[in-house]
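Here is a briefing on one protein model. Look over the sequence and the fold, then read on.

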Amino acid sequence: MEKTILTTAEINKNLLLYTPGHQLSKETRQRNLSDSQSLDRLSKMSREQQAVQQARKAFLTGRSKPLDYRIKQLQNLKRFIKEKTTDIANAMRKDLHKTANATQLFEILGLEGEINLAVSKLAEWAAARPVNKNLLTIADDVYIQPEPLGVVLIIGAWNYPIAVTLQPLVGAIAAGNAAVVKPSEVSSHTAKVMELLPLYLDPEMYQVVTGGVPETQELLKQRFDHIFYTGSSTVGKLVMEAAARHLTPVTLELGGKSPCYIDKNCDIRIACRRITWGKYMNCGQTCIAPDYILCESSIQDKVINEIQKCIQEFYTNDPKSFADYGRIINQRHFKRIMALTEGSTLAIGGDSDESECYIAPTVLRDVTPGSKVMQEEIFGPILPIIIVNGLKEAIQFINEREKPLALYIFSSSKKVIKQMISETSSGALVANDCLVHFSISDLPFGGVGNSGTGRYHGKYSFDQLSHLRSCLIKKLNMEGVNQMRYPPHTTEKLRWARVLLLKQVNLARWRQVAQVAVIAAMAAFVVQRFLRR
């Protein structure tokens with residue numbers, strides 16, 4: 001939210017700077033002059049600079065460190081999504097043609113779950129974490145202490161503008177950071193609702209900056225302690241480049257072409273049902289949607305027929321008039337997606353209406369690796385089918401391309417699934433379903449290689465946005481043990497160093513042994529007392 005910028009004249013008037021008519025003390029005049037100069041510098045800053053500076057100033061007060069403060073902010077964030085449910089639903093309807101129920105199901109429920117988990121587990125996550133010791137440090141306190149990073153920039157995406165923007169914010173708050181939130185300007189109505197966040201959260205600690213590319217570029221010029229970006233690989237490279245200027249660590253949740261292999265021996269009807277749901281949800285605008293199908297030629301027609309049946313079941317014979325079928329976010333993306341179908345053979349769908357940004361659920365058959373639709377992430381309701389000659393060729397096809405954010409395999413054979421796991425690499429692998437791994441907070445969500453770096457969800461969000469500080473607390477005694485490290489470095493000292501440094505001490509095991517010994521001693525005492533009677 002923009003702040004009122006005072007002119008220098010107004011500042012001078014408000015601060016009553018020294019003039020012949022004002023008899024102020026020297027200290028007051030100096031303090032007022034300092035305040036005036038600070039406000040004058042502030043007036044020359046961009047809105048983005050002001051937001052970052054205010055967030056950092058608030059963070060340096062230390063008020064975000066107590067867990068009670070963090071929990072209160074998380075509860076206020078939950079209150080925001082509860083009280084603004086109608087506003088959020090209306091905005092999502094305008095931006096992406098989502099129904100209120102779909103907004104609850106795919107945007108709000110997961111976010112509420114993340115908040116509830118963070119509140120219930122925060123004390124455990126933030127506590128010192130003991131580590132194994134060696135004999136040299138057996139008498140010392142050795143542990144990992146999570147601490148806040150500082151000011152985090154969160155750049156959200158437009159396809160799930162609430163979930164993928166506010167879930168990282170949950171982690172930032174839980175870890176004790178200040179944050180600047182930049183919603184995507186593409187989902188403009190939802191971004192407008194996000195501007196209300198400072199009414200619920202600490203308005204100095206948690207800033208919201210709206211706007212387009214210029215505002216994002218200005219934010220990226222500032223120094224942050226971590227940048228969390230969700231979006232395309234192309235923009236991800238620019239974010240990483242900007243972050244490198246300040247040696248700022250990044251979490252990049254990107255995307256790519258997520259393959260979906262269908263084994264000819266699986267239950268094709270159920271496989272196609274789950275693929276249809278995963279592909280056409282949100283009109284295909286999901287970063288982990290199946291991007292293309294790999295299967296053998298012998299089952300291609302059956303796959304097409306089953307997907308056709310599922311489209312009719314889910315969206316009726318007229319998806320355009322069906323409430324739960326979405327729209328492409330804008331005409332620029334509409335034209336991009338439609339251009340991808342050029343030169344390919346339609347098997348299902350193909351209908352479109354540019355004025356409504358409508359593209360019907362579409363399947364392309366006999367697609368070749370060189371087709372336009374295979375050159376970039378589709379991010380729309382177009383599903384190409386590529387023919388491969390079995391599992392080995394499917395694995396080769398996947399490995400010849402960038403590592404995907406998700407990889408899907410449908411098979412009844414555990415051996416086939418294990419082979420896919422062992423011989424490929426991806427952000428996640430899901431067998432016999434699509435998308436559902438995103439809903440499990442105990443699974444880290446993130447990419448690898450071109451599909452992203454870093455991970456979040458649940459405790460992974462907390463750890464990603466914390467500094468895991470190594471702590472070793474020694475006492476100023478037992479100096480004799482240290483003699484081995486002081487010169488001269490003799491053979492005898494080296495022998496002792498080898499023992500003390502390389503011998504790991506499993507304290508948990510020793511505690512178990514001690515407990516067993518105590519129980520055994522107590523049992524022996526009781527038996528002895530009994531036998532004496």
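In what order do the strands of the open sheet of 3 strands stand, and is the pairing parallel or antiparallel? The order is E1-E3-E19, and the pairing is antiparallel.

This is a predicted model, in which local features need pLDDT of at least 70, side-chain atom pairs count only at pLDDT 80 or more, and totals for chains, interfaces and linings use all residues. Residues are numbered from 1 along each chain as its sequence is written, and side-chain values use heavy atoms, with hydrogens and water left out.

**Overall make-up**

- The protein chain has 18 helices and 20 strands. Helices (H or I, at least four residues) and strands (E, at least two) are DSSP runs, numbered from the N terminus.
- The chain has 533 residues, and 47% of them count as buried. Buried means under 20% relative accessible area, exposed means over 50%, and partly exposed lies in between (1.4 Å probe, protein chains only).
- Take the contacts between residues at least 6 apart in sequence: 71% of them join residues at least 24 apart. A contact means heavy atoms within 4.5 Å.
- The accessible surface of the chain is about 26,900 Å², and carbon and sulfur atoms account for 55% of it. Areas come from the Shrake-Rupley method with a 1.4 Å probe; for residues, only the protein chains shown count as cover.

- E1 and strand E19 (466-473) are at the edges. Each has a single partner strand, so one side of each lacks a neighbour in the sheet.
- E3 and E19 run antiparallel and are joined by 8 bridges. Two strands pair if DSSP finds at least two bridges between them.
- Tyrosine 143 stands opposite cysteine 471 in E19.

**The sheet of 6 strands**

- A second open sheet is ordered E6-E5-E4-E7-E8-E18, with mixed pairing.
- Its edge strands are E6 (206-208) and E18 (452-453), each pairing on one side only.
- Strand E8 (residues 250-253) runs antiparallel to E18, and 2 bridges join them.
- Glutamate 253 has glycine 452 in E18 as its bridge partner.
- In general, strands of a sheet pair through backbone hydrogen bonds, either parallel or antiparallel.

**Valine 181**

- Valine 181 is found in strand E5 (residues 178-182).
- Is valine 181 buried or exposed? Valine 181 counts as buried because its relative accessibility is 2%.
- Leaving out residues up to four places away in sequence, valine 181 touches Ile154, Thr165, Leu169, Gln207, Val208 and Val209.
- The C-alpha atoms of valine 181 and isoleucine 155 are 6.3 Å apart, although the two are 26 residues apart along the chain.

**Helix H6**

- Helix H6 (residues 100-126) bends by about 50° at serine 120. The bend is the angle between axes fitted to the seven residues ending there and the seven starting there.
- The buried residues of H6 include Ile108, Leu111, Ile115, Leu122 and Trp125. Glu107, Glu112 and Glu114 are also among them.
- Which elements do the buried residues of H6 pack against? They pack against helices H4 (67-83), H5 (85-96), H7 (163-174) and H16 (459-464), and against strands E1 (129-130) and E3 (141-148).

**Salt bridges**

- The structure holds 30 salt bridges. A salt bridge is a side-chain nitrogen of Lys or Arg within 4 Å of a carboxyl oxygen of Asp or Glu.
- Aspartate 291 bridges to lysine 257, with the closest N and O atoms 2.5 Å apart. The pair links distant parts of the chain, 34 residues apart. Aspartate 291 is in the loop between helix H11 (268-280) and strand E10 (292-295). Lysine 257 is in the loop between E8 and strand E9 (259-262). Both residues are buried.
- Lysine 192 meets glutamate 195 at 3.4 Å, N to O. Lysine 192 is exposed, at 56% relative accessible area.
- Glutamate 400 meets arginine 401 at 3.6 Å, N to O. Glutamate 400 counts as exposed at 54%, while arginine 401 is partly exposed at 32%.
- Arg56, Arg223 and Asp225 are linked in a salt-bridge network.

**Nonpolar surface patch**

- Leu135, Ile138, Trp496 and Val499 form a nonpolar patch on the surface, with about 330 Å² of accessible area together. Patches take residues with over 30% relative accessible area and no salt bridge; like charges are joined within 9 Å, nonpolar side chains (Val, Leu, Ile, Met, Phe, Trp, Tyr) within 5 Å.
- Valine 499 is found in helix H17 (residues 491-502). Valine 499 is partly exposed, at 38% relative accessible area.
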